[in-house]
Amino acid sequence: MALDDYITLGQSGLRVSPFALGTMTFGEDLGWGSSVKDSQTILDRYIELGGNFLDTANGYTKGHSEKIIGDHLASSPSKRQKMIIATKFGTNLSPGNPNGGGASRRAIIAACDESLRRLRTDYIDLYWMHHWDKNTPIEETMNVLNDLVKQGKVRYLGVSDTPAWKATQAQMIARQNHWAPFIATQIEYSLAERTVEGELIPMAQELGMAVMPWAPLAAGRISGKYRRDNLKTVSGGRAALMAPRMTEKHFAIVDALAAIAKELNSTIPRVALAWVQNRPGVQTTIIGARTLAHLEDNVQALSLQLDDQHIQQLDKLTEPTLPFPIAFLRGNATALHQGGTTVNGVPSQIHPYGPRDAQDHY
């Protein structure tokens, strides 16, 4: 597989690359990240390799990420026509203004207009609710998003970092009112963060949303950059922020990835990305690239085939503790499968989770 082996996103006809280019690192406004020139080089190389899917947000580097993308694509209008630009609303870029962020009608319209201005485009291909706004009725949010689709300012909708029950409620409201639905959900997902397998991924599969993992390398913690022997000396970029967040769990994952990478003559990031990209429900993964070297290495994960034994090893090492009632139902269903008719007095027919097997992704 390569970047130009396009897939359709969720229940839509939108065709995108299997790896989206995350641009949170475009701009040095936060004290780390890529310069404008380096960002442009990374963007051009991604396009040259066949990539067509860019992921940004109104709040990334205080809006500079959107501007870098917009200015660069505007220099070659034909590039804009080929690219799928996804951005997000929700971040308040006007401190002191209580209506400057969130998911109200006022805030969304203002954020959309500002993103269109920075991106120098007439439309946004995929507009994400960056996170749930508990202060705004979800009906209001879905209504105004549908209006933006009808007006042509937005083509498709997505939901990010929102509890499964709230995303489900929003999706059902959209369906009931024949409004534009969410075609994808963006969630943190990696070998270091698998609790989303409990509710969010099954929700996405049931409701027709593609799963788009962000931080597939756990914000660099399982990229191999941070090791037990260099943790006190590693510096540069986001090291000051991420190195102190390393735990024994991260070190164990890196050790396992390093061993597998050595067997496959590959790299730690490629192995970690190949694992994520081939999980149930995942259609396209967001890869961050602060440098051109990061991009060149990461995209090669698309052609990496992990052996069953490698997948099983990583699965077992990182098996998550899932919330109630998933583990409870799965345990009862396993006992029933082994010959019982009831467990704890509960009839078998109410247990939707079957026994674990090779196809079980919960």
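1. Strand S3 (residues 19–22) and strand S4 (residues 53–55) run parallel to one another and are paired over two bridges, and within this pairing glycine 22 has aspartate 55 of S4 as its bridge partner. Please keep in mind, here and in every point below, that the model is predicted.

2. The two strands belong to an open sheet of eight strands with parallel pairing, and the order across that sheet reads S9-S8-S7-S6-S5-S4-S3-S10. The edges are taken by strand S9 (210–214) and strand S10 (285–288), each of which has a single partner strand, so one side of each lacks a neighbour in the sheet. On average, and with direction ignored, neighbouring strands of the sheet are turned by 30° against each other. Helix H10 (residues 268–277) packs on this sheet, where it touches S3, S9 and S10, and the direction of H10 makes about 160° with that of S10.

3. If residues up to four places away in sequence are not counted, valine 211 touches Thr185, Ile187, Ile201, Ala204, Gly281, Val282, Gln283 and Thr284. As for distance across the model, the C-alpha atom of valine 211 is separated by 27 Å from that of glutamate 114, a residue 97 places apart from valine 211 along the chain.

4. Most residues other than glycine have a negative phi.

5. Most peptide bonds are trans. The bond that joins phenylalanine 324 and proline 325 is cis, with omega at about 5°, and proline 325 is located in the loop between helix H12 (308–317) and helix H13 (326–337).

6. Helix H4 (residues 105–119) and helix H5 (residues 138–151) have axes that come within 9 Å and cross at roughly 35°, and this crossing is right-handed. On the H4 side the contact involves Arg105, Ile108, Ile109 and Cys112, which meet Glu140, Thr141, Asn143, Val144, Leu145, Asp147 and Leu148 of H5. By type, the residues of the contact are six nonpolar, two polar and three charged.

7. Asparagine 146 is also placed in helix H5, and at 7% relative accessibility asparagine 146 counts as buried. Leaving out residues up to four places away in sequence, asparagine 146 touches Trp179 and Ala180.

8. How many aromatic pairs does a search of the whole structure find? The search finds four, and one of them is formed by tryptophan 132 and tryptophan 165, whose ring centres are 5.2 Å apart and whose planes stand at 80°, so that the pair is edge-to-face. Tryptophan 132 lies in the loop between strand S6 (124–129) and H5, while tryptophan 165 lies in helix H6 (residues 164–176), and the pair therefore ties together parts that are 33 residues apart in sequence. Tryptophan 132, at 29% relative accessibility, counts as partly exposed, whereas tryptophan 165 is exposed, with a relative accessible area of 53%.

9. In helix H2 (residues 64–74), the buried residues are Ser65, Glu66, Ile68, Ile69, Gly70, His72 and Leu73, and what covers them includes H1, S4, helix H3 (77–82), strand S5 (84–89) and H4. In helix H11 (residues 292–299), Leu295, Asp297, Asn298 and Val299 are buried, and the buried residues of H11 pack against S3, helix H1 (36–48), H10 and S10.

How values were computed:
Residues numbered from 1 in each chain as written. Predicted model: local features only at pLDDT ≥ 70, side-chain atom pairs only at ≥ 80, totals over all residues. Heavy atoms only, no water. Pairing = 2+ DSSP bridges. Helix = DSSP H or I, 4+ residues; strand = E, 2+ residues; numbered from the N terminus. Axes fitted to C-alpha atoms, helices over the stretch in contact; angles between N-to-C directions. Contact = heavy atoms within 4.5 Å. Left-handed = near helix turned anticlockwise from the far one by under 90°. Nonpolar A, V, L, I, M, F, W, Y, C, P; charged D, E, K, R; others polar. Phe/Tyr/Trp six-rings, centres within 6.5 Å; stacked < 30°, edge-to-face > 60°. Buried < 20%, exposed > 50% of the residue type's maximum accessible area, 1.4 Å probe, protein only.
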